[in-house]
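Student: I would like to learn how to read a protein model. Can we go through it feature by feature?

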Amino acid sequence: MAVIFTVAVPVLARADAAIEKVSFQPQVKGLRCLKAETVTMIRELVEKIGPIQITSTCGGRHARNSQHYRGNAIDFRPLATTPRKAAAVAKTLEAVGGVGSYANGLVHVDVGDREFAWFGTKRGNRRLAYNARGR
């Protein structure tokens, strides 16, 4: 039993340290609405890029059938790197299904099934770039 405990403690401590680097805009009420896989993805992302400010989770206005409404997505502002570098790192994470970036510096990541990346502010101006990595 002691072996299991000593192995689990560092993992839990590392996970909590990553979540401590997450801040929220006032309209975001925390991570409670997100699925466990989404929270795990956030931990991995923060470990790689540093602190982030989450600007949107499940609430708010999103596109119809958005991954946000399923608890699979967040929008965030990277605080220690550029949005371009944050999006590039997010694309390398196994758990991430979709990555998007906005001209205003926000980055969207989700754990949904779709595997594509986009950039743009309006639907007509978006450039789509499908990820080549397989699952």
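Student: Which hand does the disulfide of Cys33 and Cys58 have, and why?

Tutor: This is a predicted model, so treat every value as computed. The torsion about the S-S bond of Cys33 and Cys58 is about 95 degrees, so the disulfide is right-handed. The two sulfurs sit 2.2 Å apart. The cut-off is 2.5 Å, so this pair counts as a disulfide. The count for the model is 1 disulfide.

Student: Which parts of the chain does the pair link?

Tutor: Distant ones, 25 residues apart. Cys33 lies in the loop between strand S1 (22-24) and helix H2 (36-49). Cys58 lies in the loop between strand S2 (52-56) and strand S3 (73-78).

Student: Is Cys33 buried, exposed or partly exposed, and where does Cys58 fall?

Tutor: Use the cut-offs: buried is under 20%, exposed is over 50%, and partly exposed is in between. Cys33 is at 38% relative accessibility, so it is partly exposed. Cys58 has 16%, so Cys58 is buried.

Student: What else can I look up in those two loops?

Tutor: Take Pro26, in the loop between S1 and H2. Pro26 is exposed, because its relative accessibility is 70%. Now take Asn65, in the loop between S2 and S3. Asn65 is exposed too, with a relative accessible area of 54%. Its phi is positive, near 65 degrees, and Asn65 is not a glycine.

Student: How do I read a helix?

Tutor: Start with the general idea. An α-helix has 3.6 residues a turn, so residues three or four places apart point the same way. Now the case here. H2 has 14 residues and reaches 20 Å from its first C-alpha to its last, close to the 20 Å expected.

Student: Which residues of H2 are buried?

Tutor: Thr38, Val39, Met41, Ile42, Leu45, Val46 and Ile49. They cover an arc of only 155 degrees around the axis, which puts them on the same side of H2. On the other side, Ala36 and Lys48 are exposed. Gly50 follows H2, and its phi is positive, near 95 degrees.

Student: Which residues of helix H3 (83-92) are buried?

Tutor: Ala86, Ala87 and Ala90 are buried in H3. They fall within an arc of 100 degrees seen down the axis, so they line one face of the helix. Arg84, Lys85 and Thr92 are exposed on the other side. The cover over the buried residues of H3 includes H2, S3, S4 and S5.

Student: How do I read a core?

Tutor: The general idea comes first. In soluble globular proteins, nonpolar side chains tend to be buried together. In this model the largest nonpolar core has 25 residues. Those with the most contacts inside it are Ile42, Ile52, Ile54, Ile74, Phe76 and Val109.

Student: Which elements each supply at least two residues of this core?

Tutor: H2, S2, S3, H3 and strand S5 (107-110). The largest share, 6 residues, comes from H2.

Student: What does Ile74 touch?

Tutor: Leave out residues up to four places away in sequence. Among its contacts are then Leu34, Thr38, Ile42, Ile52, Ile54, Val107 and Val109. His68 and His108 are also touched by Ile74.

Student: How do I read a strand?

Tutor: Again, the general idea. In a regular strand the side chains alternate between the two faces of the sheet. See this in S5: Val107 and Val109 point one way, His108 and Asp110 the other way, and all are buried. In S4 (residues 98-101), Gly98 and Gly100 point one way. Val99 and Ser101 point the other way, and all four of these S4 residues are buried.

Student: How many bridges join S3 to S5, and how many join S4 to S5?

Tutor: S3 and S5 run antiparallel and are joined by 4 bridges. Ala73 stands opposite Asp110 there. S4 and S5 also run antiparallel, with 4 bridges. Ser101 stands opposite Val107, and Gly98 has Asp110 as its bridge partner.

Student: What happens in the hairpin of S4 and S5?

Tutor: There are 5 residues between the strands. Gly105 takes a positive phi in this hairpin, near 95 degrees.

Note on methods:
Residues numbered from 1 in each chain as written. Predicted model: local features only at pLDDT ≥ 70, side-chain atom pairs only at ≥ 80, totals over all residues. Heavy atoms only, no water. Buried < 20%, exposed > 50% of the residue type's maximum accessible area, 1.4 Å probe, protein only. Core = buried A, V, L, I, M, F, W, Y, C linked by side-chain atoms within 4.5 Å. Contact = heavy atoms within 4.5 Å. Pairing = 2+ DSSP bridges. Expected span 1.5 Å × (residues − 1). Arc of directions from axis to C-beta.
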